[in-house]
Amino acid sequence: MTVDLGVDDGRLVDVRLSGDFFLEPDEALGVIDAALTGLPETSSTRDLAGAVDRALERAQETGELPGPVALVGFDAWAVGVAVRRALGLATSWEDHSFEVLRPGPLPPRTLAALDQVLTEELAEGRRGPTLRFWDWTERAVFIGSFQSLANEVDPVGVAAHDVTVVRRISGGGAMFMEAGNCVTFSLVVPASLVDGLSFEQSYRFLDDWVIGALGELGVEASFAGMNDVASPAGKLAGSAQKRLAGGAVLHHMTMAYDIDHDKMLEVLRIGREKLSDKGTRSANKRVDPLRSQTGMARDAVVDAFEKYFRSRYRTQDSVLRPEELERAEDLVRTKFATEEWIHRVP
């Protein structure tokens, strides 16, 4: 879908919608164009879509349109997004080339710090959209930015299993991660890519390729709730997001590959009595490992995900720059490894 338009004194003019969609009756196209003409160029996707819906409804009520309107292959929301794209305020996957990073094993807190560094680098225009796959050697538990440490993590289990506790900058629930038992990636994109989408819509939009990649591996998967991916056998993955004021979005996902459930339950307080009323709490959801459904080694699964992403979007190889890694390590010392940050919500 394409929208040609001009802007005069802050208002949309000469709006013309075109594309390979189907629309009945033909006269509805003029109604849509007229509905958008004159709107402020700062109109949100919601405002643009609402104007289209109201105009079509009014045209049917007044008899301006002969019969009911059928929009096939698009809707009013898609029109709003197309207008925002024409104004340079929204983008699509095709508008970007994604840098792909596989830097090898790093300490868990460095991995979390890199989320902040690379998202800020995109916001500052020093790096493009980036897909980064994680690898680590230490046993760790990652908790959400707003979770209560006491509610989520058992200090006895942490000590017994030599677990590194990491609080990430995004929200969401806790995840127990041993080397080789999860598939984790971070996707850093400009806010324009999710322009007009609600948080729930943006999770599904940014994870749609994951559903496709799982299908290529023979795993039947679908979205569950706001930010999970599940198979008929149970939960497979969970996502989290953080949006920065500079116009960058951090989106990451962790997929269970082969989790030691007994060890996980000793480290995480899943299903146990709440210790305080502070912070949010993880849901007691079943985690179903990828290994049992694919029969593939973890590295082969990661390779397959990377290959699928590259087949779907424009990509380029990339590496961590020395200054990015240096800044991440500095953030570990000054933030991610500090008691103040780890115990942010006690």
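Predicted model: local features only at pLDDT ≥ 70, side-chain atom pairs only at ≥ 80, totals over all residues.
Figure 1. Of its 346 residues, 49% count as buried.

**Figure 2. The hairpin of strands S1 and S2.** Strand S1 covers residues 2-8 and strand S2 covers residues 11-18. The two strands run antiparallel and are joined by six bridges. Aspartate 4 has arginine 16, in S2, as its bridge partner. Two residues lie between the strands. Aspartate 9, in the turn, has a positive phi of about 55°.

**Figure 3. Strand S13 with its partners S12 and S14.** Strand S13 is made of residues 234-243. Strand S12 (residues 228-231) runs antiparallel to S13, and four bridges join the two. Aspartate 228 stands opposite glycine 238 of S13. The hairpin of S13 and S14 has four residues between the strands. In this hairpin, glycine 247 takes a positive phi near 95°. When following the strands in this view, keep one rule in mind. In a regular strand, side chains alternate between the two faces of the sheet.

**Figure 4. A negative surface patch and its residue glutamate 57.** Asp53, Glu57, Glu61 and Asp75 form the patch. Glutamate 57 lies in helix H2, which spans residues 45-62. Is glutamate 57 buried or partly exposed? Glutamate 57 counts as partly exposed because its relative accessibility is 46%, and this class lies between the cut-offs of 20% and 50%.

**Figure 5. Glutamine 116 in helix H4 and arginine 168.** Helix H4 runs over residues 108-123 and contains glutamine 116. Why does glutamine 116 count as buried? The relative accessibility of glutamine 116 is 11%, and buried means under 20%, so glutamine 116 counts as buried. Along the chain, glutamine 116 and arginine 168 are 52 residues apart.

Definitions and conventions: Residues numbered from 1 in each chain as written. Heavy atoms only, no water. Pairing = 2+ DSSP bridges. Patch = residues over 30% accessible without salt bridge, like charges linked within 9 Å, V, L, I, M, F, W, Y side chains within 5 Å. Areas by Shrake-Rupley, 256 points an atom, 1.4 Å probe, with all protein chains shown as cover. Salt bridge = Lys/Arg side-chain N within 4 Å of Asp/Glu carboxyl O. Lys, Arg positive; Asp, Glu negative; His and termini not counted. Charge placed at Lys NZ, Arg CZ, Asp CG, Glu CD. Buried < 20%, exposed > 50% of the residue type's maximum accessible area, 1.4 Å probe, protein only.
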